[in-house]
Amino acid sequence: SSDLRFWPMSRRSRPKQLLTIFSNETLLEGTLRRLEGLVPNERIFLLTNEEQEAAVRALVPQIPAENIVAEPAKRDTAAAIALGVGLIARRDPTATMVVLPADQLIRDVEAFQQTVRTAAIAAEKTESLVTIGIQPTWPCTFFGYIEEGRQLTIPGLEPNAPAVREVLRFREKPATELAESFLREGNFRWNAGMFIWTIPSIVREFGRLVPPLADFIAKLHGAQRVETVVHEHFAALPKVSIDYAIMERTSHILVVEANFDWDDVGNWIAASKYWPHDEYGNAANVAVTAVEASNNIIFSDPNLSQLHGAPPLRVGLVGVDDIIVVQTRDAILVCNRHEADKIKHLVAKLPREQQ
């Protein structure tokens, strides 16, 4: 999983969205805070897995217990979304549904809510599947892209609402040269995995494009107990992403251009942008004294100082550049920042209890 990039803070039972690396709230708490005033807690469902369920429940007591559902197996995003569709359809088969990853950093809550409201109106008026497109800032090769067509006029939008456009097509993760051409052309957006649609629209597309998932939604809708259906059928569902299963194949799709800041904070380098920096480019969440040392990233688990009532930590750096050092209760990572992508290879070699 991509959460391995945050070892030793992240573990199997504690993925990126449950960490306080970027601010004093976790990414999951931030995702829920962005919905305040837009969606009441009783209408928010959280999908997690059995390894992480206990930690999620402890972190968000404001979400009704029955709205937190643990998937018994990893089946990728199409099955997860089908589960969400089934849960919502049981309560309101005409509802509008918003799908949000819990591990993204977005700070402009007002603009985020305006974008979601715009997408919801577009989804309801056009019966289309709507995705949110992020303006790319660099030729990234590990996001999918959305190629945009003409702008639509949709009645009922706020005067300064973000643009709603046709989607010409979804583009798979590109090689660097192709990503650079996408940026030059200007009508490409990152696909951030945020989707808005009405339940009838998404049920129609599952029925047309992925019948086994449509059957699963129907079973959930008619079931006396959700848990029974999930335990009997979820693990056998097709393992496929929502992009591949539906978004790349449907002809009923629009994109709303995000007018908010967005970061998927994928590794320690991305996270360190949000910490204090000294004049030598050293980023840290603790005190640093540096001699001929630059562009280092230092992180100490904030829970450590609270645990032992220890005095504040200071890290001294002498003659080192481009090093990542992360300290937790049971591990220390030392890594060249240019090799940060290889942390996952390290994790694979660790004893199971420290993964």
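Colleague: Leaving aside its neighbours within four places in sequence, which residues is S272 in contact with?

Modeller: Contact means heavy atoms within 4.5 Å. By that test, and leaving aside neighbours within four places in sequence, S272 is in contact with H277, A283 and I297. This is a predicted model, in which local features need pLDDT of at least 70, side-chain atom pairs count only at pLDDT 80 or more, and totals for chains, interfaces and linings use all residues. Residues are numbered from 1 along each chain as its sequence is written, and side-chain values use heavy atoms, with hydrogens and water left out.

Colleague: Is S272 buried or exposed?

Modeller: Buried means under 20% relative accessible area, exposed over 50%, and partly exposed in between, with a 1.4 Å probe and protein chains only. S272 has a relative accessible area of 4%, so S272 is buried.

Colleague: In which helix is the place of S272?

Modeller: Helices (H or I, at least four residues) and strands (E, at least two) are DSSP runs, numbered from the N terminus. S272 belongs to helix α10, residues 268–272. In sequence S272 and R5 are 267 residues apart, yet in space they are 13 Å apart, C-alpha to C-alpha.

Colleague: How many helices and strands does the protein chain have?

Modeller: There are 12 helices and 14 strands. The radius of gyration is taken over C-alpha atoms, and the globule rule is 2.2 Å times the number of residues to the power 0.38. For this chain the radius of gyration is 22 Å, close to the 20 Å that the rule gives for 355 residues, so the chain is as compact as a globular protein of that length. Along its principal axes the C-alpha trace spans about 60 × 50 × 35 Å.

Colleague: What percentage of the 355 residues count as buried?

Modeller: The figure is 48%. In soluble globular proteins, nonpolar side chains tend to be buried together. A nonpolar core is a set of buried Ala, Val, Leu, Ile, Met, Phe, Trp, Tyr and Cys residues joined through side-chain atoms within 4.5 Å.

Colleague: Which residues have the most contacts inside the largest nonpolar core?

Modeller: They are W197, F206, I242, I246 and M247, in a core of 43 residues. Helix α3 (residues 76–91) gives the most to this core, with nine residues. Not counting residues up to four places away in sequence, I242 touches T77, A78, I81, F195, W197, F206 and M247. Another core lies apart from that one; its 40 residues include L35, I106, F143 and W262.

Colleague: Where is G84 found?

Modeller: G84 is in helix α3. With a relative accessible area of 8%, G84 is buried. Its contacts, leaving aside neighbours within four places in sequence, are L47 and M97. G84 and M97 are 13 residues apart in sequence and 8.9 Å apart in space, C-alpha to C-alpha.

Colleague: What is the phi of E292?

Modeller: Phi is a backbone angle, and for E292 it is near 45 degrees, a positive value in a residue other than glycine. E292 sits in the loop between β10 (287–291) and β11 (297–300), and is exposed, with a relative accessible area of 72%. E127 also has a positive phi, of about 55 degrees, and is not a glycine. Its place is the loop between α4 (109–126) and β4 (129–134).

Colleague: Is the peptide bond from W7 to P8 cis or trans?

Modeller: The bond is cis, with omega near 5 degrees. P8 lies in the segment before α1 (27–33).
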